[in-house]
Amino acid sequence: MSIKLEVFLGTRVTKDERSSFVKLSKKLKMQQSEVLRELIIAFIQNRVTITPPTHIAGLHNHVN
């Protein structure tokens, strides 16, 4: 029995962030969507903790 994936979830990032993410995904031999899906599931299950950035340019300082 397969899981029905019904909706899309995405976000904007910088070109450098995307490039780094793609390289790391390839290193893991996983599709980018698989990595994101696993991160989302781990976050929901409280297996991932997000901490505020320690540098000036962090998540809260991105301009859309």
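**Entry 1**

I started at N46, which lies in the segment after α2. This is a predicted model, in which I took local features only at pLDDT of at least 70 and side-chain atom pairs only at pLDDT 80 or more, while totals for chains, interfaces and linings use all residues. I number residues from 1 along each chain as its sequence is written, and my side-chain values use heavy atoms, with hydrogens and water left out.

N46 is not a glycine, yet its phi is positive, about 60°. I noted this because most residues other than glycine have a negative phi. N46 counts as exposed because its relative accessible area is 68%. My classes are buried for under 20% relative accessible area, exposed for over 50%, and partly exposed in between (1.4 Å probe, protein chains only).

**Entry 2: the loop**

Which residue follows α1 with a positive phi? I found K29 there, with phi near 60°. K29 sits in the loop between α1 and α2, and K29 is not a glycine either. With a relative accessible area of 76%, K29 is exposed.

**Entry 3: the helices**

I counted two helices and zero strands in the chain. Helices (H or I, at least four residues) and strands (E, at least two) are DSSP runs, numbered from the N terminus.

I then checked how far each helix reaches. The expected span is 1.5 Å times one less than the number of residues. From first C-alpha to last, α1 reaches 18 Å with its 13 residues, close to the 18 Å expected. Helix α2 also has 13 residues and reaches 19 Å, close to its expected 18 Å.

**Entry 4: a buried serine**

Is S25 buried or exposed? S25 is buried, because its relative accessibility is 2%. This serine belongs to helix α1, residues 15-27. Leaving aside neighbours within four places in sequence, I found S25 in contact (heavy atoms within 4.5 Å) with M30, Q32 and V35. For the chain as a whole, buried residues make up 8% of the 64 residues.

**Entry 5: the nonpolar patch**

Next I looked over the surface. The chain exposes about 6700 Å², and carbon and sulfur atoms supply 59% of that area. I used accessible areas from the Shrake-Rupley method with a 1.4 Å probe; for residues, only the protein chains shown count as cover.

L9, L36, L39, I40, F43, I44 and I50 make a nonpolar patch of about 710 Å². Patches are made of residues with over 30% relative accessible area and no salt bridge; like charges are joined within 9 Å, and nonpolar side chains (Val, Leu, Ile, Met, Phe, Trp, Tyr) within 5 Å.

L36 is in helix α2, residues 32-44, and is partly exposed because its relative accessibility is 40%.

**Entry 6: the salt bridge**

How many salt bridges are there? I count one salt bridge, by the rule of a side-chain nitrogen of Lys or Arg within 4 Å of a carboxyl oxygen of Asp or Glu. E6 pairs with K4, their closest N and O atoms being 3.8 Å apart. E6 is exposed at 63% relative accessibility, and K4 is exposed at 66%.
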